[in-house]
Amino acid sequence: MITLYTFGPAFGLPDPSPFVMKGEMLLKLARLEHRPNTRGFLKAPKGKLPYIDDDGTIVADSTLIRMHLEQKYSIDFDRGLSTRDRGVAWATEKMLEDHVYWVLVYWRWMKDGNFERGPANIFRRVPAIFRPLVKWRVRGKVRRSLHGHGISRHNEEDMTRMSNRAFDALSFLLGDNKYLMGNETCGADATAFAFIAGALAPVFESPAHGKARTLPNLIAYRDRMMAEFYPGFNGDTPHLLAKRAAPR
Ligand SMILES: N[C@@H](CCC(=O)N[C@@H](CS)C(=O)NCC(=O)O)C(=O)O
């Protein structure tokens with residue numbers, strides 16, 4: 001049995017991390033039995049989620065998880081694709097992970113309203129006396145990562161022009177397809193679905209989230225994928241709501 005280390009449902013999403021959702025989707029696409037565990041973050045070998053424990057083999061990073069599943073279980077997530085489409089799918093996935101991701105992180109973490117509605121809730125488990133310091137330190141770490149990546153060196157208008165282009169590209173590529181690259185799923189569906197769901201999360205307001213909401217085929221794809229792979233998930237993330245109601 002494979003254990004997938006996750007954050008757990010939040011912000012109206014099966015997981016607030018698109019990389020965790022991607023990891024979970026890969027396991028679902030591969031039809032491999034797995035169980036989520038929300039208690040692994042402090043032991044994460046690379047300080048990030050997701051990672052898996054596959055019968056004692058630890059694999060950290062969603063792309064390495066994909067490669068591990070492909071190798072160990074002889075799975076070809078892209079079996080229905082031509083070589084050209086394999087290339088397009090991989091490049092699209094990396095556009096989302098290495099570019100769009102950082103724009104979404106910027107809006108989630110750097111804008112006070114989004115931060116309070118979203119990431120701030122993660123710290124409700126921290127004792128109240130330490131909470132402001134921990135929040136400040138973690139937010140500072142995210143700010144430095146955004147600067148290190150380079151995205152936050154742009155002004156918001158330029159950042160938005162860039163993310164708009166990426167969402168348009170994704171929407172053009174999807175077109176009227178059922179899945180990202182056609183009538184069959186491929187590996188990049190795990191990523192595309194995770195990022196589109198994150199961009200459409202109702203908790204956040206930003207030009208990037210606003211742009212995603214103007215693209216009907218992305219919305220319909222999110223809805224189809226959610227119904228197929230997360231039946232019964234209705235966007236309620238009660239553990240966060242419960243914490244929100246807890247005394248500070
Ligand atoms: N390249 C990694 C990225 C994973 C990642 O960035 N995870 C974030 C959540 S979206 C994380 O755990 N961040 C915690 C931290 O940086 O302290 C992957 O594909 O799995």
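Which elements do the buried residues of α2 pack against? They pack against β1, α1, β3, β4, α3 (83–110) and α7 (187–199), where contact means heavy atoms within 4.5 Å.

## Basis of the description

This is a predicted model, in which local features need pLDDT of at least 70 and side-chain atom pairs count only at pLDDT 80 or more, while totals for chains, interfaces and linings use all residues. Residues are numbered from 1 along each chain as its sequence is written, and side-chain values use heavy atoms, with hydrogens and water left out.

## The sheet

Four strands make up an open sheet of mixed pairing, in the order β2-β1-β3-β4. Its edge strands, β2 (34–37) and β4 (57–60), each pair on one side only, and neighbouring strands are turned by 20° against each other on average, direction ignored. Helices (H or I, at least four residues) and strands (E, at least two) are DSSP runs numbered from the N terminus, and two strands pair if DSSP finds at least two bridges between them.

Strand β1 (residues 2–5) runs antiparallel to β3 (residues 51–54), to which four bridges join it; Thr-3 has Asp-53 as its bridge partner in β3, and Ile-2 stands opposite Asp-54. The pairing of β3 with β4 is likewise antiparallel over four bridges, with Ile-52 standing opposite Val-59.

Helix α1 (residues 18–29) packs on this sheet, touching β1 and β2, and its direction makes about 160° with that of β1; such angles run from 0 to 180 degrees between N-to-C directions, the axes being lines fitted to C-alpha atoms, for helices over the stretch in contact.

## Loops and turns

In the loop between β2 and β3 lies Pro-50, and the peptide bond from Leu-49 to Pro-50 is cis, with omega near 10°. The hairpin of β3 and β4 has two residues between its strands. Asp-55 in that turn has a positive phi of about 55° and is exposed, with a relative accessible area of 65%; exposed means over 50% relative accessible area, buried under 20%, and partly exposed in between (1.4 Å probe, protein chains only).

## Helix α2 and its ends

The buried residues of α2 (residues 62–72) are Ser-62, Thr-63, Ile-65, Arg-66, His-68 and Leu-69. Asp-61, in the loop between β4 and α2, caps the N-terminal end of the helix, a side-chain oxygen lying 2.8 Å from the backbone nitrogen of Thr-63. Although not a glycine, Asp-61 has a positive phi of about 110°, and it is partly exposed, with a relative accessible area of 36%. Just after α2, Ser-74 takes a positive phi of about 50°.

Conventions
A polar contact is a pair of N or O atoms within 3.5 Å; within protein, one must be able to donate a hydrogen and the other to accept it, and residues adjacent in sequence count only if both atoms are side-chain atoms.
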